[in-house]
Amino acid sequence: MLAPRIFFQKKSGTRNVFKNNPYISEGLPIIIVVMKIVMEIEKFADYLKLERNYSDCTISGYRKDLELFHNFFVSLDHNLTFQTVDNNIVRAWIVELMKSGQATTTVNRKLSTLRSFYKFLMMNGCADHSPVTLIKGPKNKKPLPVFVRESEMDRLLDDDSLFGEGFDAVLGKTIIETFYQTGIRLAELLGLTVSSVDFSAGTIKVLGKRNKERYIPFGEELKNQFEKYLEQRNSIENISTSSFFVTEKGEPLPRHKVYALVKNLLTKVSTVTKKSPHVLRHTFATAMLNNNADLSSVKEILGHASLAATQVYTHTTLQELKDIYKHAHPRA
């Protein structure tokens, strides 16, 4: 149950929110008052857990969002309830959140919580309208993709000592090479099987989003690295999986190990804030366009549904050119 603290706000005066509140019948103990007020939220939480199978962490986030909204509208008028707030109250809350420095993605997530909550209330006959229906959240700013510079990737891939020794060293370099030279997603990499790699054609078969298959070409360098890795993989006894990438024990490679491996290796050569498999996907696309690759070809290799998704990388390369110009030109 939500903490009673949500009803004691300095802005409204201590305990003033209890005066004339339609939820409250005179003489009821405070604990019953609190229980009546939070009952709808708790029923909503049960619905999310039992019928939608949401995680405890997600449900906790929904609770906090609804608690914040309740705090806000009670601070404006202690007579308000979830059923009596209107869209002007919701808009005022958005303004308040933005003024407090909340990111647009955070504000839109909180609005999504309200939409789900009111849909639940209406479905159960506890509200006859939703004050969020006509509300549009702030536009999310699309940050430019983070990528690693070509010189940094060259330094990493040309120095085998950075990878260490043994099976994990070969595995690590093969994974970095695969991400950087094909631009595939993490899920696609983990979905590769031994039969996905066609050495004679120089392609890998990838199962992407919406179960769409595509073929990605690879060059001699990656071919040589694949062969080195397969020597290591084939030396493992009793492998029972067809997964291309496996652990030293011959088990399918878990996602968290790939994340840790990529982060550890990129930390040795780059200061980018994000160090993840997806950053290497961005790095592949940026490198291709920097070296005059056709935009539509990059789209096909990446498996994007539309050209618009690929065009963001043109902004990245242009920004890099601007940065180079600004630092290099004496009058910039």
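Q: At what angle do helix 10 and helix 11 pack, and how far apart are their axes?
A: In this predicted model, where local features need pLDDT of at least 70, side-chain atom pairs count only at pLDDT 80 or more, and totals for chains, interfaces and linings use all residues, helix 10 (residues 277–290) and helix 11 (residues 295–302) pack at about 155°, with axes 10 Å apart. Residues are numbered from 1 along each chain as its sequence is written, and side-chain values use heavy atoms, with hydrogens and water left out.

Q: Why is helix 10 called roughly antiparallel to helix 11?
A: Angles over 145 degrees count as roughly antiparallel, those under 35 as roughly parallel, 65 to 115 as roughly perpendicular and the rest as oblique; the angle is about 155°, which means that helix 10 is roughly antiparallel to helix 11.

Q: Which residues of helix 10 and helix 11 meet?
A: With contact meaning heavy atoms within 4.5 Å, Arg281, Phe284, Ala285, Met288 and Leu289 in helix 10 meet Leu295, Val298, Ile301 and Leu302 in helix 11. The residues of this contact divide into eight nonpolar, no polar and one charged.

Q: Why is Ser130 called buried?
A: Buried means under 20% relative accessible area (exposed is over 50%, partly exposed in between, with a 1.4 Å probe and protein chains only), and Ser130 has a relative accessible area of 16%, so Ser130 is buried. Ser130 is found in the loop between helix 4 (104–123) and helix 5 (150–157), and touches Tyr118 and Met122, not counting residues up to four places away in sequence.

Conventions
Axes are lines fitted to C-alpha atoms, for helices over the stretch in contact, and angles run from 0 to 180 degrees between N-to-C directions. Helices (H or I, at least four residues) and strands (E, at least two) are DSSP runs, numbered from the N terminus. Ala, Val, Leu, Ile, Met, Phe, Trp, Tyr, Cys and Pro count as nonpolar, Asp, Glu, Lys and Arg as charged, and the others, Gly among them, as polar.
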